[in-house]
Amino acid sequence: MKKRNLTIYGTALLLLLSGCSKDYLETTPTDKVSQEVVFSSIANANTALNGIYRFMFERTNVVDWNVQNKPGVGGIMLGLDFMGEDLGISAANWYTSTGEGNWVGGRTDNHKLTEYYYRTFYKIIGDANGILDQVDGLTGSDEDKNKLKAQALTLRAYAYSNLVQLYGKRYDKNTDNSQLGVPLVLKFSDNALPRATVKEVYDAIIKDLDDVFALNIASRSNKSQINVQVAWGIRARVALTMQDYANAITYAKKVVDAKAFPLMNKDDYAKGFNDATLSEFMWASMPSTDQMDAFGSYFAQIAYNANTSFMRANPKRINSALYNKISATDVRKKMWEPAPTAANFPLPLASFVREPYMSRKFSVKAAGGALGDVPLMRSSEMYLILAEAYASSNQTALAQDILFEYAKVRDAEAVKSTNTGNALLEEIWVHRRTELWGEGFRFYDLKRLNKGLDRTVVPNYVQSSVGLSAMEIPAGDNRWQFLIPLAEINANKEVIQND
């Protein structure tokens, strides 16, 4: 049998298994679930959908692409921030010397990292396609089918928005964007497709989200699932990436004006970013206690009090140059400790190391564990998208207004900005870097803004001590594109490799 290409490798059997009930798993072996069984009922199709959500927070057990430190999308989020200049690691490890921190994994065609990113998002796409191909034929109400359809469409758009930023050149509104993106797999049966252009991928993303808006599904069981407001948020992100400031304003404003996700107060802000019930969490992965990965979860790698080797000996730290830009009265100033001591920074065990500017932003839900709800989208991001889009389209007063509306919640002594032009944008970007630290945005932000990476502004940690040699990456450099995995190139002769 001819090997299937990587874009849909592993999607011939939907990942409903990880979301199934115990009884269902007992009656159907985990490697032999047919589409006929999956789509025999609305309930089973919803189980398949829940399987996608679970896949997003857990390490895969597929041997040939298992990566120890990659708990699904959360692991990718951390990797993308380690590619920036704001999140520091105190010792060399898989994230630095051979991984994202040193810009090695994404630029090595046979590295597990580039394959992991590629497979993870295409797995989401493949399983979403399976649902979209079959949902109209299910027996059930239109409402139930539309809920399935809306979530699958949004998940597909979300996955493609990540893939095209990773493997394609940046979108530039001043060009035709005919540069190569990624294969556009829109049917479960699609196989061995060439790379679509960046424009074609973004067109497909926008179409999927427009279809979601037409369905207008607001209800959901909990914040681990997607609803129309999350789709608005993804559309705002996509528009900002495309420098389409009008639509960035439209969709970010829809979220802000709906007031469904009010900004967290100072007390909630200091609770550890681990609970999706907090007011401004719009979307989160929400593993249950029995789904906790003691050593490989997102919180096992970023929570200051996670009892894991990656945290005990390697506290995660903020770049002091960024920290120094935060107002002394801003609640975020307390999320990092410039000079930690036993008194001002208690830790669970004596074996935990303290390092300057270490983070306390993320905390585990319960002592001794590694559990927490992974923040995939928060409303604070929408305020910052709105401010940036206003400022970028010369609507200075509106940008200043919305920035102040946001900033005064973080800092009771904040004053409205009088900055204009690039100075205003720089102010907004400092807020963005601070607010979204550790949540997977820095690589994408540098790329979309066509800014180079610059680690030569000496932060609190010395890069050479942690094996970082990638100190400067110019804007537009080929290294801003991940290489297509060698396994995909070998299996799909239609795919052309990046430079």
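Okay, let's start with a crossing: helix α8 passes helix α9 in a left-handed way, meaning that the near helix is turned anticlockwise from the far one by less than a right angle, while clockwise would be right-handed. Before I go on, this is a predicted model, where local features need pLDDT of at least 70, side-chain atom pairs count only at pLDDT 80 or more, and totals for chains, interfaces and linings use all residues. Residues are numbered from 1 along each chain as its sequence is written, and side-chain values use heavy atoms, with hydrogens and water left out.

Back to our pair. α8 covers residues 228-241 and α9 covers residues 245-258, and their axes come within 8 Å and cross at roughly 150 degrees. Those axes are lines fitted to C-alpha atoms, for helices over the stretch in contact, with angles from 0 to 180 degrees between N-to-C directions. So the two helices are roughly antiparallel, the word for angles over 145 degrees. Who meets whom? On the α8 side, the residues include W232, R235 and L240, and on the α9 side they include Y245, Y251 and K254; contact here means heavy atoms within 4.5 Å. By class, that contact has ten nonpolar, three polar and two charged residues. Nonpolar means Ala, Val, Leu, Ile, Met, Phe, Trp, Tyr, Cys and Pro, charged means Asp, Glu, Lys and Arg, and the others, Gly among them, are polar.

Zooming out, the protein chain has 18 helices and ten strands, taken as DSSP runs numbered from the N terminus: H or I of at least four residues for helices, E of at least two for strands. Of its 499 residues, 60% count as buried, which is under 20% relative accessible area, with exposed over 50% and partly exposed in between, using a 1.4 Å probe and protein chains only.

Now α14, residues 379-392. 13 of its 14 residues are buried, so α14 is largely enclosed by the rest of the structure. Just after α14, N394 takes a positive phi of about 60 degrees.

Finally, two loop residues. Where does P71 sit? In the loop between α3 and α4, and at 2% relative accessibility P71 counts as buried. Its C-alpha is 9.6 Å from that of F295, though they are 224 residues apart in sequence. Beyond four places in sequence, P71 touches, among others, F57, Y116 and Y298.

T329 lies in the loop between α13 and β6 and is partly exposed, at 30%. Its contacts beyond four places in sequence are K266, R410, D411 and E413.

Terms used. Angles under 35 degrees count as roughly parallel, over 145 as roughly antiparallel, 65 to 115 as roughly perpendicular and the rest as oblique.
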